[in-house]
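I opened this entry to keep track of what I looked up. I wanted notes on rings, sheet and helices.

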Amino acid sequence: MQDTLRKIVWLASYPKSGNTWFRLFLSALANKGNLDINRLRFQMIYSSRDIFESVSGIDSRYLYDEEAKLLQPEVFRKIAADSTENLYIKIHDAFVQANGTTPIVPEDASLCAIYFIRNPLDIVASLANHLNKPIHYALTLLCNKAGFFVPQHGNLNNRNQFRQYLSDWSSHVQSWTNGPNFPVYVVRYEDMLENPFQVFKQLLVYTGVTEYSDDAIRAAVEATAFDKLKKQENEKGFNEKFSVETPSFFRSGLQGNWVNELSAQEVETLIQNHSEVMTRFGY
């Protein structure tokens, strides 16, 4: 394949790690600092059944997960070939091989990936809120090597997204930071919080976007301040909430609040399962 096919920038993350914040920033940047959280410019997600069916022409309801994962690379290869610009595509799936040999994303159509990482101690309560589940449910998911998002019922694809295999938190991180045959830029959620202007500008440069002034970047950062996102959700809702039962998508946006939300035993369980990767990334 020619390098001109390499147009996809994967926005990869374990859930609740900053992926949506960056996509909101990109939308605000493209709209000169204006942002409607329910009308994002960058809404494409790897697991979307609508995208799959519109490109492939295949009714995906009856596909087994393995069958879908073998076909999805061709779908996104076609999308990249037809695009005149780089594409930012969200993905929560771990970077794995569908049949032992074929990566679930088309490496020949991939320019790079940004991998958003967050302290798993802070992910737990945020994920529990997102799924409208208790803390222990989210904790178990982060430590489950068979963990996945969006279960299908009756062995049918009857939701708007395909099943997303996550594995446990450490395996997910390692799959994306060690696996792809294209560049991967790792960004910590905590660094995004500390200096969003600097970090987001670095991400733009990394993906080859250099046409925006510092003032434009600052305006987009300001438009995506947590209190403003929370206010919009309170007023109009947010169409990326996991379900109608989810209390809110934008919960607190804090770092280090796990000390008030997790028991000593829950903290110990996470550290026992993930200490090696946590240490590698400064947690």
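**Entry 1: aromatic rings**

I began with Phe-95, which is buried because its relative accessible area is 10%, under the 20% cut-off. I kept in mind that this is a predicted model. I then checked Phe-182, which counts as buried at 7% relative accessibility.

Next I counted the aromatic pairs: the structure holds 14. I looked up Trp-21 and Phe-200. Their ring centres are 5.3 Å apart and their planes stand at 80 degrees, so I noted the pair as edge-to-face. Which parts of the chain does this pair link? Trp-21 is in helix 1 (residues 19-30) and Phe-200 is in helix 8 (residues 196-206). The two are 179 residues apart, so I logged a link between distant parts of the chain. Trp-21 and Phe-200 are both buried.

I went back to Phe-95 and Phe-182 as a pair. Their ring centres are 6.1 Å apart with the planes at 80 degrees, so this pair is edge-to-face too. I found Phe-95 in the loop between strand 2 (87-91) and strand 3 (110-117). Phe-182 sits in the loop between helix 6 (169-178) and strand 6 (184-188). These residues are 87 apart in the chain, and the pair again links distant parts.

I also followed the ring pairs onward. They link Trp-21, Phe-22, Phe-25, Tyr-88, Phe-116, Tyr-189 and Phe-200 into a cluster. Tyr-189 has a further neighbour: Arg-118 lies over the face of its ring, at 4.4 Å from the ring centre. I noted a second case of this kind. Arg-163 lies over the face of Phe-148, at 4.0 Å from the ring centre.

The order is 2-1-3-6 and the pairing is parallel. Which strands stand at the edges? Strand 2 and strand 6 do, each with a single partner strand, so one side of each has no neighbour in the sheet.

I then went through the pairings of strand 3. Strand 3 and strand 6 run parallel and pair over five bridges. Ile-114 has Tyr-185 in strand 6 as its bridge partner. Helix 1 packs on this sheet and touches strand 1 (8-13), strand 2 and strand 3. The direction of helix 1 makes about 160 degrees with that of strand 2.

On the other pairing, six bridges join strand 1 to strand 3, in the parallel sense. I looked at Ala-113 in strand 3 and found Trp-10 opposite. Ala-113 also has a bridge partner in strand 6, Val-184. Seven of the eight residues of strand 3 are buried, so the strand is largely enclosed by the rest of the structure.

**Entry 2: helices 8 and 9**

I listed the buried residues in helix 8: Pro-196, Phe-197, Val-199, Phe-200, Leu-203 and Leu-204. What covers them? The cover includes helix 1, strand 3, strand 6, helix 7 (189-194) and helix 9. Gly-208 follows helix 8, and I read a positive phi for this glycine, near 85 degrees.

Helix 9 (residues 214-223) came next. I found Ile-217, Ala-220, Val-221 and Ala-223 buried there. Looking down the axis of helix 9, I saw these residues fall within an arc of 160 degrees, so they line one face of the helix. The buried residues of helix 9 pack against helix 1, helix 8 and helix 10 (226-236).

**Entry 3: Met-278**

Last, I looked up Met-278. This methionine is in helix 12 (residues 264-280). Is Met-278 buried or exposed? At 5% relative accessibility, Met-278 counts as buried. I listed what Met-278 touches, leaving out residues up to four places away in sequence. The contacts are Asn-119, Pro-120, Leu-121, Trp-169, Leu-270, Ile-271 and Tyr-283. I also took one distance, from Met-278 to Val-173: 9.9 Å in space, C-alpha to C-alpha, against 105 residues in sequence.

Note on methods. Residues are numbered from 1 along each chain as its sequence is written. This is a predicted model: local features need pLDDT of at least 70, side-chain atom pairs count only at pLDDT 80 or more; totals for chains, interfaces and linings use all residues. Side-chain values use heavy atoms; hydrogens and water are left out. Rings of Phe, Tyr and Trp (its six-membered ring) pair if their centres lie within 6.5 Å; planes under 30 degrees apart count as stacked, over 60 as edge-to-face and the rest as tilted. Helices (H or I, at least four residues) and strands (E, at least two) are DSSP runs, numbered from the N terminus. Buried means under 20% relative accessible area, exposed over 50%, partly exposed in between (1.4 Å probe, protein chains only). A charge sits over a ring if NZ of Lys or CZ of Arg is within 6 Å of the ring centre and within 35 degrees of the ring normal. The arc is that of the directions from the helix axis to the C-beta atoms. Contact means heavy atoms within 4.5 Å. Two strands pair if DSSP finds at least two bridges between them. Axes are lines fitted to C-alpha atoms, for helices over the stretch in contact, and angles run from 0 to 180 degrees between N-to-C directions.
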